[in-house]
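Trainee: I'd like to learn how to read a protein model. Could you walk me through one?

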Amino acid sequence: MLVHRVVVYVLVAAALLIPFSVPAYADLIGNGSFEQGTFVNDGNGTMTFSAGPTSITGWTAVGRQVSWIESPNPWGLSAQDGNFFLDLTAYNPGAPFGGVTQDITTVVGQQYDLSFYLGSYTRRWGGPPVSILASAGGTSQTFSVSTTSTASTWTPFSLLFTATSTTTTVTLTGAAGLNYIGLDHVMVNPSGTPAVPEPGSYALIALGTALLAVVGRRTRRSCTSSKRASDG
């Protein structure tokens with residue numbers, strides 16, 4: 001009966017700890033959803049940057065111009081993650097477009113996965129296609145949305161690259177579109193490596209070990225008591 005109760009306790013504890021013990025990778029991109037920084041609203045829920053440093057924490061603008069937009073806004077556009085996102089066309093229709101770049105710390109020879117969401121609203125703001133050129137570690141690829149969208153839409157894409165230096169520059173720039181090329185939720189994670197267990201996993205292991213030790217001690221005591229009773 002004692003063993004049965006202990007097993008029940010272990011199962012209950014495991015159920016409580018599972019949400020906190022899911023393996024996870026450490027995202028190498030800082031402020032990938034553009035939520036941090038000093039935002040100055042121009043009256044349209046927008047802040048626009050030319051090439052160079054920006055008020056968006058961790059990011060530098062490249063190309064012509066980039067707009068930092070919050071939700072809600074007059075354009076009928078929404079963020080994919082959080083309340084902010086980028087428009088790589090800014091207030092200028094058509095090419096050339098803008099983009100953003102960030103340097104991250106990498107391990108030489110390690111493969112990484114650069115993922116992001118491309119925003120489109122072709123029925124209202126032009127296209128398709130709507131495209132972004134992603135570059136990292138000497139690898140570049142253009143990702144496109146070729147379907148017509150009737151509302152603010154986000155499509156996930158990813159680029160695999162191998163680091164050739166301890167510092168890798170990640171760059172995402174507009175490649176095709178008219179009045180809107182959205183960018184949000186940028187991430188870089190190691191590819192093909194085991195995840196590192198969260199603290200909850202270690203807690204679960206420690207709990208199970210402790211409970212098994214308790215069962216062992218009580219079982220031994222029970223056996224000893226029974227033997228003494230029979231000997232008496």
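Predicted model: local features only at pLDDT ≥ 70, side-chain atom pairs only at ≥ 80, totals over all residues.

Trainee: Which other backbone oxygen does the side chain of Asn73 reach?

Mentor: That of Glu70, at 2.9 Å. For a polar contact, you look for N or O atoms within 3.5 Å.

Trainee: Where does Asn73 lie?

Mentor: In the loop that runs between strand E2 (60–70) and strand E3 (84–87). Leaving out residues up to four places away in sequence, Asn73 touches Asn44 and Phe85.

Trainee: Is Asn73 buried or exposed?

Mentor: Here you compare the relative accessible area with a cut-off: buried means under 20%. Asn73 has 14%, so Asn73 counts as buried.

Trainee: What share of the contacts joins residues 24 or more positions apart?

Mentor: Take the contacts in the protein chain with a separation of 6 or more: 73% are between residues 24 or more positions apart.

Trainee: Now the inside. Which residues touch the most other members of the largest nonpolar core?

Mentor: The largest one has 35 residues, and Leu86, Leu114, Phe116, Leu183 and Val186 touch the most other members. There's also a second, separate core of eight residues, with Ile69, Leu77, Trp125 and Trp154 among them. Back to Leu86: beyond four places in sequence, its contacts include Phe34, Ile56, Trp68, Val100 and Tyr180.

Trainee: How many aromatic pairs are there?

Mentor: The count is 13. For each pair, you check the distance between ring centres and then the angle between planes, where over 60 degrees counts as edge-to-face. Trp75 and Trp125 are an edge-to-face pair, 6.1 Å centre to centre with 85° between the planes.

Trainee: Why does that pair tie together parts 50 residues apart in sequence?

Mentor: Because Trp75 is in the loop between E2 and E3, while Trp125 is in helix H2 (residues 122–125). With a relative accessible area of 22%, Trp75 is partly exposed.

Trainee: And why is the pair of Phe85 and Tyr180 edge-to-face?

Mentor: Because their planes are at 85°; the ring centres are 6.4 Å apart. This pair links distant parts of the chain, with Phe85 in strand E3 and Tyr180 in the loop between strand E9 (167–176) and strand E10 (182–190), 95 residues apart. Both Phe85 and Tyr180 are buried. Ring pairs can also form a cluster, as they do in linking Phe39, Phe49, Trp68 and Phe84.

Trainee: One last residue, then. Is Leu160 buried or partly exposed?

Mentor: Its relative accessible area is 47%, so Leu160 is partly exposed. You'll find Leu160 in strand E8 (residues 153–162). Apart from neighbours within four places in sequence, Leu160 contacts Gln111, Tyr112, Asp113, Thr139 and Ser191. The C-alpha atoms of Leu160 and Thr139 are 8.0 Å apart, and the two residues are 21 residues apart along the chain.

Terms used. Residues numbered from 1 in each chain as written. Heavy atoms only, no water. Contact = heavy atoms within 4.5 Å. Helix = DSSP H or I, 4+ residues; strand = E, 2+ residues; numbered from the N terminus. Buried < 20%, exposed > 50% of the residue type's maximum accessible area, 1.4 Å probe, protein only. Polar contact = N/O pair within 3.5 Å; in protein donor to acceptor, adjacent residues only side chain to side chain. Core = buried A, V, L, I, M, F, W, Y, C linked by side-chain atoms within 4.5 Å. Phe/Tyr/Trp six-rings, centres within 6.5 Å; stacked < 30°, edge-to-face > 60°.
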